[in-house]
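Take a look at the model below.

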Protein chains: 2
Amino acid sequence: MASRLKVYLAGPDVFLPDAVSIGRRKKELCAHYGFEGLYPFDNEISGDHLGTRVDLLIYRANVAKIHEADFGIFNLTPFRGSSADAGTVFELGMFAALAKPVFGYTSDADDLLSRVKQSGSVTRDPMGQWRDWMGMSVENFQNADNLMIEAVFLEQGHPIIRHATAADARFTDLMGFELCLREAAKDLLAHHPPGGMRIAR
Amino acid sequence: MASRLKVYLAGPDVFLPDAVSIGRRKKELCAHYGFEGLYPFDNEISGDHLGTRVDLLIYRANVAKIHEADFGIFNLTPFRGSSADAGTVFELGMFAALAKPVFGYTSDADDLLSRVKQSGSVTRDPMGQWRDWMGMSVENFQNADNLMIEAVFLEQGHPIIRHATAADARFTDLMGFELCLREAAKDLLAHHPPGGMRIAR
């Protein structure tokens, strides 16, 4: 049997209080679908580093995992603002440049314009362009996030999966993640994915 | 004379009401330092596109410019949240994966932790880890943004330039941009950059 495809598990999950256990759950789900999950390095650093900055060690370890991965699954749930977590988006750009398959999900069902409207005053200028409280234009393509982000997924034939969750499960619900795994199995594996969903609703 | 190095001009500048004129000013500054500026495509689309989605056209045009560019200058001023504009960060990830030189600036002098503290309740947990109002950890590396973003610049030997501006010039002041151009000229050109700063203070 060939070795399993490796999937990089990008997302703000690494900032959760139970980051390590959610990483373990994600890896278990990956194995269920026939993949090997690579979780970012952020929580594995400890001890002495001979003077090298910890942030640079994490960066180098994550970049190495991104190069090692065959594809990526991205948690694009908005994080401290109207867009996805910056570290996650940075990694998505790396995958795009490396031309590796990507799958994405978000716990927010809204498009970008709707979300920005909820965070402040957004009005139309005389040209019909939506503008926020700073006068900056707001895209209105019905995308989940900035067009550069949604477009990567659209170009690969599978738009970002929007799976609304309860507010308190916004960063812990794994249904959107599992839907990505199903898509990945369908696209990347010769055999069909397992029949039932692993996560009980 | 050899053709000039091309620099991709990433940033939320494309969302400004005067996006086109600020693009022109940036290109003029690039020429002054011996470079050719490539401004993102966002504001150049008009007319009929034979059914192709405008967002995908913009994405493809920007990706083509990123591949064409020899290096990039990134406006990382926080945008609608605690981090830089998502489209800009995505493009930074592309440059990192393509191993092209990058230079970055922000109009915000604060580090990420200070900025998150200003936007909501941030407390230390019993382990000493800073946590925001959602319980998500906040990095404390004194970086301008998420570690993945600052690290790209650190690895290349020139950290993100933090140049505080007046509040109303946050997205229009070009001093940080010009400081990046000076660094780029010093690093990438055989001759010295022009003596005086182009932008009058």
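Two strands pair if DSSP finds at least two bridges between them. Strands (E, at least two residues) and helices (H or I, at least four) are DSSP runs, numbered from the N terminus. This is a predicted model, in which local features need pLDDT of at least 70, side-chain atom pairs count only at pLDDT 80 or more, and totals for chains, interfaces and linings use all residues. Residues are numbered from 1 along each chain as its sequence is written, while chains are lettered from A and ligands numbered from 1 in the order in which they are written.

Begin with strand 3 of chain A. Its neighbour strand 1 (residues 6-10) of chain A runs parallel to it, and four bridges join the two. Here A:Val7 has A:Phe71 as its bridge partner. Strand 3 of chain A also pairs with strand 4 (residues 102-106) of chain A, again in the parallel sense over four bridges. A:Gly72 is bridged to A:Val102, and A:Asn75 to A:Tyr105.

In strand 3 (residues 71-75) of chain A, four of the five residues are buried, so the strand is largely enclosed by the rest of the structure. In strand 4 of chain A, five of five residues are buried. In a regular strand the side chains alternate between the two faces of the sheet. From strand 4 of chain A, A:Val102, A:Gly104 and A:Thr106 point one way, and A:Phe103 and A:Tyr105 the other. Strand 4 of chain A also pairs in parallel with strand 7 (residues 161-162) of chain A, over two bridges. There A:Thr106 is bridged to A:Arg162.

Now move to chain B. Five strands form an open, parallel sheet in the order 2-1-3-4-7. Strand 2 (36-38) and strand 7 (161-162) of chain B are the edges, each pairing on one side only. Two bridges join strand 4 (residues 102-106) of chain B to strand 7 of chain B. One bridge pair is B:Thr106 and B:Arg162.

Finally, see how the chains meet. Residues are in contact if their C-beta atoms, placed from the backbone, lie within 7 Å. The contact takes 38 residues from chain A and 38 residues from chain B. On the side of chain A, helix 2 (54-68), helix 3 (86-97) and helix 5 (147-155) each give two or more residues. Helix 3 of chain A gives the largest share, ten residues. The side of chain A divides into 24 nonpolar, ten polar and four charged residues. Here Ala, Val, Leu, Ile, Met, Phe, Trp, Tyr, Cys and Pro count as nonpolar, Asp, Glu, Lys and Arg as charged, and the others, Gly among them, as polar.

Why do the copies meet through the same surface? 100% of the interface residues of chain A are also interface residues in chain B, so the same surface is used.

Key
Two residues are in contact if their C-beta atoms, placed from the backbone, lie within 7 Å. A residue is buried if 20 or more other C-beta atoms lie within 10 Å of its own, exposed if 12 or fewer, and partly exposed in between; C-beta atoms are placed from the backbone.
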